[in-house]
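Please read the points below alongside the model.

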Amino acid sequence: FWRVWPVKLVPYSLKNRVLGLSDAGWFVDTPAQILRWQGALRLWNATSWLPTRCLASASSSWRCFFPRHVLPTLQSEIFVLQPAYDGWMFGHCHSGLNHSAYFMHRSIHSAIRCQEKGRQTRGHSCLLSQGFQGSDSENTGSGSEGLQHAEPEDVTVCEDVHIHSHHEVDQGDRALSSAAIALEKGFLDEAARLLEESRNHFFIAAKVSLSACKEEYRAVLEHGLKGLDGHAMGKSGYFSMVSDEHCVTSYDVADWMWHGGEEFGQWLRLRVRAPLAQG
């Protein structure tokens, strides 16, 4: 992989410039991932190793594990390689459509809006009245702060979701919102129970296709990656395109890694040729 760009591309005169590469692992801070990594950070006693600039401004230390909270505090130029479809993050593909509660929620509410409008639509889902908020919103006093992502474009269409019970949808939404509040307070066992309860309600409420969850994940991921467009005076970049639309990670799609490496190589050549004063 590293053969794509020879080491000699980086001259010694740039020894004081830092260029970052993130090769996958751009985690989306959904409730399920927050639960997973809050527990891991506690187990590893790793909070103190998180970026200090982020910790200085974050309301909760676990936020500084997730890229969308860390990125605004970084000064170095960075290039991110992250596939647009990552089955490990939105639900494991080979576990009987084991979608996460959050992406089931997004898919169901996108389908509801689609059905209400009587056509295919693009929009976003939110639970403002029950505790979920946009990432730039102020706290509503419910205990949940910024666990919802700010208006990504979602792409679920009516045919991707078949809703059987709106009552179960409401129950699932309430449990998911309560899980977010529990996570904010650090009650991990309670959050785990509520997330499972939410997912069970959504399984009863609707049949959600794998393609719906995939597209909802992609929309949220790419919304976060677009934050790189303005980072480091617009000098950062990313590559997320995949030719294989199945559940993937960066380690099992050679074609993606090859093209992503080429994109990174081009970006790196441009950056090392730029005068240091502009970096």
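Predicted model: local features only at pLDDT ≥ 70, side-chain atom pairs only at ≥ 80, totals over all residues.

1. Residues are numbered from 1 along each chain as its sequence is written, and side-chain values use heavy atoms, with hydrogens and water left out.

2. T73 sits in the loop between α3 (67-70) and β2 (77-81), where helices (H or I, at least four residues) and strands (E, at least two) are DSSP runs numbered from the N terminus. With a relative accessible area of 16%, T73 is buried (under 20%, with exposed over 50% and partly exposed in between; 1.4 Å probe, protein chains only). Leaving aside residues up to four places away in sequence, T73 touches R53, C54 and S57 (contact means heavy atoms within 4.5 Å). A polar atom of the T73 side chain also lies 2.6 Å from the backbone oxygen of V70.

3. N45, in the loop between α1 (31-44) and α2 (52-57), has a positive phi of about 55° although it is not a glycine. Most residues other than glycine have a negative phi. N45 counts as exposed, at 62% relative accessibility.

4. Helices α5 (residues 101-117) and α6 (residues 166-185) have axes that come within 11 Å and cross at roughly 135°. In α5, A101, Y102, H105, I108, H109 and I112 meet H166, V169, D173 and L176 in α6.

Key
Polar contact = N/O pair within 3.5 Å; in protein donor to acceptor, adjacent residues only side chain to side chain. Axes fitted to C-alpha atoms, helices over the stretch in contact; angles between N-to-C directions.
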